[in-house]
Amino acid sequence: MFDTLSDKLQRVFKNLRGEGKLSEANMEAALREIRVALLEADVHFRVVKQFIEAVKEKAMGQEVLTALSPTQQVIKIVRDEMVKMLGQHQARLRTATEPPSVFLIVGLQGSGKTTSTAKLARYLAKEKHAPIMVSVDVYRPAARKQLSILAKDLKLPIYEGTPEEAKPLDLARSARKEAVQTGRDILLVDTAGRLHIDDELMTELSSLKELLNPTEILFVADAMTGQDAVKSADEFHKRLGITGAILTKMDGDARGGAALSIRSVTGQPLKFVGMGEKPDALEAFHPDRVAQRILGMGDMLSLIEKVEQSIDQKSAEEMQRKLIEDEFTLADFRDQMKQLRKLGSLESILGMMPQVGPLKDLKNAKVEESEITKIVAIVDSMTARERANHMIINGARRRRIAKGSGTSVQDVNNLLKQYAQTRKMMKSITGAGGFLGKRLGKFKLPGMPGFGQ
Ligand SMILES: Nc1nc2c(ncn2[C@@H]2O[C@H](COP(=O)(O)OP(=O)(O)OP(=O)(O)O)[C@@H](O)[C@H]2O)c(=O)[nH]1
Ligand SMILES: [Mg+2]
C-alpha cells in the first residue's frame, strides 16, 4: 500500500548510511527528500510540515545514544514521529457499559460503508462479540438488500425491518429493540451516503446519533480519493463528531497519504483499513506496525497474526516438518493451495514482509483463484503413488493426468515445475536455518505454493 513512499524513504536512509558521519548538511538534504516523498504520497501539507519540524528538532537536539549509529538514530526518530502522526497506539473500539453498544457507520456515497459494516460484523464476531446489523439506507432501492445478502453470506444476524418501517429512525429503533431481545451486544448501523455533504444527510445522521447514543461513529473514507477523503472526514467530524475512521480501498493504488493525514487533521484515529472487497479484508490499524511497513522494516507482527488466525497451527507445523525432512509431496502442495485460499491473496501477505532475501523476487507473485482450482484438479487426478513421488510422473502419465483433470499437458508440466520450485523456496525460507526460521523462531509459515513466474 505504501510502495512508492516506502521505496523513497528507504533510499533516503540508504544514502544517509553511505555518508558515514551525519552532518547538518546531509541531514538537511535527507529531510528535504523525506518531505518531498511525503507530499508525493499525498500526505496533507500541514501534516508534512509538522512532521519535518518535529524530526528536525529531535535530530539536531538529540543526546547521543551510543547504542545507535547516527543514521540509525535518524531512522528511529523518523519512525517514532511517524508512529505519533499515525496515532501512537492502536485505537480500540469503544463499547457501552450496558449493551447493546451502537456503532454508526457514516460516510460519502460509495466509500464502502455497507461493505465495511459487514466486515466489521465479521471482525467483531471473531472477537467473541455478538453483533447485529441494520441498514437504514432507505434511499437507494437495493441498499438494504445489499447488506442483507452480506449478512446471510456471513451467517450473521441482521434486522431486516418490516414494510411499514420506511424511515431510518424507525428502523434504527426497532433494530435496537431486536438487539436487546436477542441478546446481541453490538448494533452496527449502516447509513445512507450522499455525493456531497449536505444538510439533509447531516440532519438525519444527527437524529440517529441522538436516538441511538452510539459509542462509535465511524467515518468510512475511500483511500482512492486522497485528500478529499481527509477533507470530508474533517467536515463530518466538525458537524457530527466522529470517533474514528475506516479507510477503505487501501488495496488499490492509492498513495496512502490519507492514512497518514486523517489522525493529524481530524484528531480522530484511524481504526481500520479495508484491503479488498471480501469480508475478511479488514485490518485493525496499528500505528507502529504501519510505520514500520512504510519504513520498509517489514511487518512481522501483522503477518504472524494473519497467519495464526487462518491457519491450523498443527497442520502448519506438520507441513514445516515435511519440508525440512523433504517429505513435502504433491498432495501437500495441493493442500497448501487450498490453505492459501483461506489466507487471502499472497500479495497481501508478501506486502507485510520485509522485501529482502528470497522474498524479494516474489513481490509481484500472484495466485489466481482459477489457478488454484486447476492445481487441485490436476493433483486429484494423480494416483496416490504419483502424489507421493513426483519423479515417476513420465510423459504417458502426464498425458493421462491432463486428460483426467480436463487440463493440458502443459498445465501439468507447469504444476510440476511450480511444485519443484516451491519445495526449493520453502526450504530456503522456512527451514531451521532459513530466512524465516532464523527470524521467527517458533513461528511457522503455512506455505507459499506455486506462483506463476
Ligand atoms: N478494493 C476494495 N473495494 C472496496 C473496499 N471496500 C469497499 N469496496 C467496494 O467499493 C464499492 C462500494 O462499496 P459499498 O460498501 O457499497 O459502499 P457504500 O458506502 O455503502 O455505498 P452507498 O451505500 O452507495 O453510499 C463496492 O464495489 C465494494 O466492493 C476495499 O477495501 N477495497
Ligand atoms: Mg451502502
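Modeller: Let's start with a term: two residues are in contact if their C-beta atoms, placed from the backbone, lie within 7 Å. Keep in mind that this is a predicted model.

Colleague: Okay, which residues is A245 in contact with, leaving aside its neighbours within four places in sequence?

Modeller: A245 is in contact with L218, F219, A221, A233, I262, Q268, L270 and K271. The C-beta atoms of these residues therefore lie within 7 Å of that of A245.

Colleague: And what makes A245 part of a nonpolar core?

Modeller: A245 is one of the 83 residues in the largest nonpolar core, and along with V134, V189, A221 and L247 it touches the most other members. Helix α4 (residues 70–86) gives the most to this core, six residues. The core also draws at least three residues from each of domain 1 (3–86) and domain 2 (101–294). There's a second, separate core too: twelve residues, including L330, V379, I401 and Y419.

Colleague: Why is β1 called mostly covered?

Modeller: A residue is buried if 20 or more other C-beta atoms lie within 10 Å of its own. Seven of the seven residues of β1 are buried, so they pass that cut-off. Both faces are covered: S101, F103, I105 and G107 sit on one side, with V102, L104 and V106 on the other.

Colleague: How do you know that β1 and β4 pair?

Modeller: Pairing takes at least two bridges. Strand β1 (residues 101–107) and strand β4 (residues 186–190) have five bridges and run parallel, so they pair. In β4, V102 has L187 opposite, and F103 has L188 as its bridge partner. With strand β5 (residues 216–222), β1 also pairs in the parallel sense over five bridges; there, G107 has V220 as its partner.

Colleague: What makes β3 and β8 edge strands?

Modeller: β3 (158–159) and β8 (282–284) each pair on one side only. The open sheet they belong to runs β3-β2-β4-β1-β5-β6-β7-β8, with mixed pairing.

Note on methods: Residues are numbered from 1 along each chain as its sequence is written. Chains are lettered from A and ligands numbered from 1 in the order in which they are written. This is a predicted model: local features need pLDDT of at least 70, side-chain atom pairs count only at pLDDT 80 or more; totals for chains, interfaces and linings use all residues. A nonpolar core is a set of buried Ala, Val, Leu, Ile, Met, Phe, Trp, Tyr and Cys residues joined through C-beta atoms within 7 Å. Helices (H or I, at least four residues) and strands (E, at least two) are DSSP runs, numbered from the N terminus. Domain bounds come from an automatic or database domain assignment.
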